[in-house]
Amino acid sequence: MSPALHESVALAVHAGGAAEILIDRPERHNAMSMPMYEALLTALERCQADPAIRCVMLRGAGGKSFISGTDIAYFKDFHDGQQGIAYEAFVERVIDAVERIAVPTIAVIDGWAVGGGLALATACDFRICSTGSRFGAPIAKTLSNTLSSRNIARLLASLGVPRVKRMLLLADYLSAGQAEACGFVHAVVPADQLQAQAQALAEQLMALSATTQSAVKESLRRIVVEQRLDDEDLVSVVYGSGEFRAGVARFTGT
């Protein structure tokens, strides 16, 4: 593991091009402080800037929680709606950074993925979880706050309107099996097999076209979050790439 970016956030780059960002604050169920969010942004920037990295895994330590969202102590001094607007804008920076990273991302979930942790998991391209994992945003019975429309749009794209209403209006949770059945989770495995399963998925992703993966990820982000269909810049990059020309040459024998 490379030196921590923060006492509770570390980045490691493994042989073969897979990076792992570890959130390590199990005594608080991996709740995020503002400095931890900043460290996560730094880790994502480093991954984006390193051409050797072909996949990023996001994981929480401790076996009880992936990420439990923002540390509730942060909200003690809130006294007006403008602070909520500023907070949601900051969190959106973090979620947006996860979505915009060009390489595939995997949320490795062992335990609860709730609130902001659910948002971070949803922003990843794939989710693998242990059998005891649970997913939710019980804000209607906890803080009486809300999610941003962008985060609700991400949940809608992944889960559909009925499940999102149950999750947000009834403070309901999805079990690991339910999350797998609706396609939100790629695989459910025993906790002791979680890292091996995540690494196997990372290797499968890294063996495929980075050019295609990057363009598809950005197209999906635009469609889901920004309701945009413009893609000429993406199409131009893909069809002008050496990877595309090499693919044509392999199939045509030229």
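T105 is buried, with a relative accessible area of 2%. Buried here means under 20% relative accessible area, exposed means over 50%, and partly exposed is in between, using a 1.4 Å probe and protein chains only. T105 sits in strand β6. Strands are DSSP runs of E with at least two residues, helices are runs of H or I with at least four, and both are numbered from the N terminus.

A word on the source. This is a predicted model, where local features need pLDDT of at least 70 and side-chain atom pairs count only at pLDDT 80 or more, while totals for chains, interfaces and linings use all residues. Residues are numbered from 1 along each chain as its sequence is written, and side-chain values use heavy atoms, with hydrogens and water left out.

Back to T105. What does T105 touch, not counting residues up to four places away in sequence? The list is V56, V98, A123, C124, D125, F126 and K217. Contact means heavy atoms within 4.5 Å.

Now look at the strand beside it. β6 and β8 run parallel, joined by four bridges. Two strands pair if DSSP finds at least two bridges between them. I106 has F126 in β8 as its bridge partner. On to β11: three bridges join β8 to β11, and these two also run parallel. There, C129 stands opposite V188 of β11. Why is β8 largely enclosed by the rest of the structure? Because four of its five residues are buried.

Next, an open sheet. It has four strands in the order β5-β7-β9-β10, with mixed pairing. Its edge strands are β5 (65-67) and β10 (173-175), each pairing on one side only. Neighbouring strands of this sheet are turned by 20° against each other on average, direction ignored. Angles run from 0 to 180 degrees between N-to-C directions, and axes are lines fitted to C-alpha atoms, for helices over the stretch in contact. β9 (residues 134-136) and β10 run antiparallel, with three bridges between them. F135 has L174 of β10 as its bridge partner. Helix α3 (residues 116-123) lies across β5, β7 (112-114) and β9, running at about 95° to β7.

Now helix α7, residues 194-206. It has 13 residues and reaches 18 Å from first C-alpha to last, close to the 18 Å expected at 1.5 Å a residue. The expected span is 1.5 Å times one less than the number of residues. Which residues of α7 are buried? They are L194, A198, L201, A202, L205 and M206. These cover an arc of only 135° around the axis, so they lie on the same side of α7. The arc is taken from the directions from the helix axis to the C-beta atoms. The face turned away from the buried side carries the exposed residues A196 and Q204. Among the elements covering the buried residues of α7 are β3 (18-23), β4 (55-60) and α8 (210-226).

That brings us to α8. It has 17 residues and reaches 23 Å from first C-alpha to last, close to the 24 Å expected at 1.5 Å a residue. Its buried residues include T211, K217 and R221. What covers the buried residues of α8 includes α2, β6, α4 (149-159) and α7. At the N-terminal end, S209 caps α8: a side-chain oxygen lies 3.4 Å from the backbone nitrogen of T211. Just after α8, Q227 takes a positive phi of about 55°.

First, E92, in helix α2 (residues 81-100). Is E92 buried or exposed? E92 is buried, with a relative accessible area of 13%. Its side chain makes a polar contact with the side chain of R154, at 2.7 Å. A polar contact is a pair of N or O atoms within 3.5 Å; within protein, one must be able to donate a hydrogen and the other to accept it, and residues adjacent in sequence count only if both atoms are side-chain atoms. Leaving out residues up to four places away in sequence, E92 touches S148, R150 and R154.

Second, A61, in the loop between β4 and β5. A61 is buried too, with a relative accessible area of 12%. A61 and D24 are 37 residues apart in sequence, and 4.9 Å apart in space, C-alpha to C-alpha. Setting aside neighbours within four places in sequence, A61 is in contact with L22, I23, D24, P26 and N30.
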